[in-house]
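Thanks for coming, everyone. Let me put one structure on the screen and walk you through it.

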Amino acid sequence: MMMKDPSKKYRPFVAVDLPDRQWPGQRIDTPPIWCSVDLRDGNQSLIDPMDQERKQRLFDMLLKIGFKEIEVGFPSASQTDFDFVRSLIEQNKIPEDVTIQVLTQARPHLIERTFEALKGVKNAIVHVYNATDPMFRRVVFSVDKTECIQIAVDATAQIRDLMAANPETNWTFQYSPELFTTTEMDFAVEIVEAVMDTFGPSVDNKMIVNLPATVEVATPNNYADQIEWFCRHVKKRDTLIVSVHPHNDRGTGVAAAELTLMAGADRVEGTLFGNGERTGNVDIVTLAMNMYTQGVHPQLDFSNITPIMREVEYCN
């Protein structure tokens, strides 16, 4: 039964103090860097996860649509994902201009396993994350801020060294402060800068910092404020590709993505029709076609949407 006074249980989200926000006056005039996470985040939402045949069919379709960055799995967490990554590499199924992305937790043995899966790949993004918001620090991991930063720094150092030990691959490093939107903004900047100090990005060798709405807890304008605040305050912004990963708990993932692009984000992670773990991801088809109807080509081809729909239905 709904409470007559929900304020006794719930309190409103505390907004970022950004009275001189600039994003409302901006326009989206170029497409972002797109990264499909259908094969990982989307796959996690399925009662029956995709097998190798379905994964390959969906990967091939994502290539036809025009994706240049595709998160193909979580190889340290699933033998199916590990085997799929190996098959892509060993059977030369990744085009020269496409980069695959894999996800790993910030744990040494999982990072080692991830690099085993990627052995011999031409282009790869290694995406590592750890939870940074106060409730997870306190309740789930029992760590303070310093210890939370150390987890991220240690994982970054290990990944940096493994990348250096495998120079045949064109590596890109990606770090996510998981639960970014419920993390204190000053701490989000602090932990990202500690990661940057460890990895050492440059203008010519940028790293991706992914700022996810792991749980969508507020209206889309708040996410935009957070992205603009972060971009203003983080050091060496020109050495970063700022990525967003909007979830859809409140049903406003598309709006959140659009406003964060106006606020300075360079890249969007999402799934074709918005499926994904828990409540779903941002719907890339809707987001791309919204741009198209404003005269901006998204650089993704949805000319014939029905076969795409049918293939997604089959694979999912």
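First, a term: a residue is buried under 20% relative accessible area, exposed over 50%, and partly exposed in between, using a 1.4 Å probe and protein chains only. By that rule, 54% of the 316 residues in the protein are buried.

A word on the source. This is a predicted model, where local features need pLDDT of at least 70 and side-chain atom pairs count only at pLDDT 80 or more, while totals for chains, interfaces and linings use all residues. Residues are numbered from 1 along each chain as its sequence is written, and side-chain values use heavy atoms, with hydrogens and water left out.

Now the overall build. The protein has eleven helices and eight strands. These are DSSP runs numbered from the N terminus: helices are H or I with at least four residues, strands are E with at least two. The C-alpha trace spans about 55 × 45 × 45 Å along its principal axes.

Next, contacts, meaning heavy atoms within 4.5 Å. Take those between residues at least 6 apart in sequence: 79% of them join residues at least 24 apart.

On to the pockets. On a 1 Å grid over the protein atoms alone, a pocket is an open set of points where a 1.4 Å probe fits, with protein on both sides within 12 Å along at least five of seven lines; lining residues have an atom within 4 Å of a point. Points are joined across faces, edges and corners, and a volume is the space filled by probe spheres set on them.

The largest pocket holds about 870 Å³. Its lining has 23 residues. Arg11, Phe13, Val14, Thr182 and Val217 lie nearest the centre. Which element gives the most to this lining? Helix α5, residues 134-140, with four residues.

The second largest pocket holds about 470 Å³. Here 26 residues form the lining, and Gln105, Tyr129, Asn130, Ala131 and Glu178 lie nearest the centre. Elements giving two or more residues include α1 (38-44), β3 (99-105) and β4 (123-131). The top contributor is β4, with four residues.

Gln226 lies in helix α8, residues 220-233. Buried or exposed? Gln226 counts as buried, because its relative accessibility is 3%. Leaving out residues up to four places away in sequence, Gln226 touches Phe13, Val16, Phe180, Thr181 and Met185.
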